[in-house]
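Let us read this model together, one feature at a time.

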Amino acid sequence: MHNSYVWDPLVRLFHWLLAAGFAANALFTDPDGTLHHYIGYFITVLIGVRVLWGLAGSRYARFSSFPPDLKAATRQLADIAARRRNSHKGHSPLGALMIYNLLLTLLGIVLTGWLLTLPPFHSAGWPEELHETLVYWAEASALLHVGAVLFEARRTKVRLARAMITGYKNLPDSSAET
């Protein structure tokens, strides 16, 4: 096993602030309230910063280090089914797909939430329905993400949640460099 520095402070801060902001807006704030709107704007800024960091940030923060790859995700599923414990230094292929899913879903949520603040869309039903549908999808995705992190941590013996706190992954010596 070796300790590898993977997640820089901006990635970790983004992750936890986004999780807290989403949870607050989905579970605790009044959807018509000012606080809900401010948290939505904050999430928008977070996503904007993360997109910029995904283009110019540290190695494992860059989108180029975890492109969406269905073939690689299928191989990861085959590894799981065959009980092979391949660890990934950065995002795993399935983890990468989840990142893109969550980022795009959250962009849809903030866009439809913003549309709801504009007078032409106040009486239209579709922006609110789409907003709510995307929130439900994001909630289900977040639960799947947490479950997958717990499952993969147990399966690979890599403390994934701890890595998102400290920045360091304790990886087997044979782990993949991706």
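Q: Is W126 buried or exposed, or in between?
A: Buried means under 20% relative accessible area, exposed over 50%, and partly exposed in between (1.4 Å probe, protein chains only). W126 has 47% relative accessibility, so W126 counts as partly exposed. The model is predicted: local features need pLDDT of at least 70, side-chain atom pairs count only at pLDDT 80 or more, and totals for chains, interfaces and linings use all residues. Residues are numbered from 1 along each chain as its sequence is written, and side-chain values use heavy atoms, with hydrogens and water left out.

Q: Which aromatic pair does W126 form?
A: Rings of Phe, Tyr and Trp (its six-membered ring) pair if their centres lie within 6.5 Å; planes under 30 degrees apart count as stacked, over 60 as edge-to-face and the rest as tilted. The structure holds five aromatic pairs. In one of them, F63 and Y100 are tilted, with 45° between the planes and 5.9 Å centre to centre. This pair links distant parts of the chain, 37 residues apart. F63 lies in the loop between α2 (34–56) and α3 (70–81), and Y100 in helix α4 (residues 93–115). W126 pairs with F121: edge-to-face, 90° between the planes, 5.9 Å centre to centre.

Q: Which residues form one aromatic cluster?
A: F63, F66 and Y100 do.

Q: Which residues form the negative surface patch?
A: Like charges are joined within 9 Å. Here D30, D32, E128, E129 and E132 make up the negative patch. E129 sits in helix α6 (residues 126–156). With a relative accessible area of 55%, E129 is exposed.

Q: How many helices and strands does the protein chain have?
A: Helices (H or I, at least four residues) and strands (E, at least two) are DSSP runs, numbered from the N terminus. The protein chain has seven helices and two strands. Along the sequence, their pattern is β-α-α-α-α-α-α-α-β.

Q: What does the C-alpha trace span along its principal axes?
A: About 55 × 30 × 30 Å. Of the 178 residues of the protein chain, 38% count as buried.

Key. Patch = residues over 30% accessible without salt bridge, like charges linked within 9 Å, V, L, I, M, F, W, Y side chains within 5 Å. Areas by Shrake-Rupley, 256 points an atom, 1.4 Å probe, with all protein chains shown as cover. Salt bridge = Lys/Arg side-chain N within 4 Å of Asp/Glu carboxyl O. Lys, Arg positive; Asp, Glu negative; His and termini not counted. Charge placed at Lys NZ, Arg CZ, Asp CG, Glu CD.
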